[in-house]
Structures are given as structure tokens and as C-alpha cells.
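Morning, everyone. Please have a look at the chain on the screen, and I will then walk through it.

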Amino acid sequence: MRSFGVPLSTLHSPLRRQLLLLPVMSVPVAFLGHRACALASTTPCVADLKIQSDGDFLAFTPEELTCQTEAQVRLWFHHAGKRVMQEHNWVLVMPGSEDAVEQAAIQAGEKSGWLPRGDENVLAATPMCGLGKTEMIEFVAPAPGDYPFICSFPGHGAEMRGVLHVTR
Ligand SMILES: [Cu+2]
């Protein structure tokens, strides 16, 4: 605990204790400068986001998500289809790069899970998710702004889109 600069007295409050658990469990993230988020703010810098495909439609529901910058995001994506067997994923990309990532995913091919590995426009992505399945990923929310997300399965990206609003 002391390595995080947290006075032991703050541990007496149950609320405080919850806030402190995450930085302790996420040491690599904390060392990248993320800890300022948890220690400087009174709100928990953890965001649990849930999103799914809109049944068998090529759409996400909800189409908009919100979290705080630098939050430790846990995102669950559920494939809520009943009949359509094609897989879906959730890919967070840099603003304006939706079309480029969509094309890069096709180039990457099925063996790469329809995801361009190492593409700097890709900020976070779940693996491809089969019908009825759920995937969870964790990532640190980027700088404030509106970030598009898409499904990068071929032919889905033009319609399966939404926006993650990252607030201050
Ligand atoms: Cu899809």
C-alpha cells in the first residue's frame, strides 16, 4: 500500500477501500501513470460497460456508451443473435478511422480474428464472439473525446457502429 503513497488512515473507510483495490490489483497499469485517476478523484475510476448486438440486426444496443477518462473499463459484449450465425466483436477505434479499420480487418483475414493486430487506430477490441456468447475485455479509457466503435466482421462495420463518450 505504501508504495502507492496512500496513507493507511484512508483504509478505515469501506468506500475508500473499494477504490483502492483496483490500483493494487493493476500494478502494471498503475505504473503507467494511471494511479492519479484513482487517488485524485472522489469518484471510482472503474467503469463497467455492457453492450450487445441488437438481436439478429447489424447494430449495437445501446449505440452510445459513456465513461470517464483514465477509467479502468471492464466491457462485456454479448452476441444476442438468435438465428444469424456470423460472429461479432466490439472494436474501439480512433475518431475518423472507422472505415480504415474496417478495411484493415478484411486484409487481416479470418486467421487474425478479423482484427488488424498492432493497428494504431485500434484502441481496444474483444475477440470475435459467437452466437449467444459473451466476451469481456479491460482497458484504460483514452483522453476525453468521442470514440467510434465498430464490429470488424467483414460487411458489418458500416452498420454496426456506435460511440463511446469519454468524459473528463
Ligand atoms: Cu458483427
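Residues are numbered from 1 along each chain as its sequence is written.

First, confidence. pLDDT is the predictor's confidence in each residue, from 0 to 100. The protein averages 83, and 74% of the residues score at least 70. Residues 1–36 have a pLDDT below 50, and beyond near neighbours in sequence this stretch has 25 contacts in the model. Two residues are in contact if their C-beta atoms, placed from the backbone, lie within 7 Å. Where pLDDT is low, the predicted coordinates should not be read in detail.

Now the fold. The protein has three helices and nine strands, and along the sequence they follow the pattern α-α-β-β-β-β-β-α-β-β-β-β. Helices (H or I, at least four residues) and strands (E, at least two) are DSSP runs, numbered from the N terminus. Of the contacts with a separation of 6 or more, 68% are between residues 24 or more positions apart.

Five strands form an open sheet in the order 3-9-8-5-6, with mixed pairing; two strands pair if DSSP finds at least two bridges between them. Strand 3 (64–68) and strand 6 stand at the edges with a single partner strand each, so one side of each has no neighbour in the sheet. Strands 5 and 8 run antiparallel and are joined by two bridges. L92 has F149 in strand 8 as its bridge partner.

Helix 3 packs on this sheet, touching strand 5, strand 6, strand 8 and strand 9 (161–167), and its direction makes about 30 degrees with that of strand 8. Axes here are lines fitted to C-alpha atoms, for helices over the stretch in contact, and angles run from 0 to 180 degrees between N-to-C directions.

Which residues of helix 3 (residues 98–108) are buried? They are V101, E102, A104 and A105. These four cover an arc of only 165 degrees around the axis, which puts them on the same side of helix 3. The arc is that of the directions from the helix axis to the C-beta atoms. Buried means 20 or more other C-beta atoms within 10 Å of the residue's own, with C-beta atoms placed from the backbone.

Helix 3 is followed by G109, with a positive phi near 85 degrees.

Note on methods: This is a predicted model: local features need pLDDT of at least 70, side-chain atom pairs count only at pLDDT 80 or more; totals for chains, interfaces and linings use all residues. A residue is buried if 20 or more other C-beta atoms lie within 10 Å of its own, exposed if 12 or fewer, and partly exposed in between; C-beta atoms are placed from the backbone.
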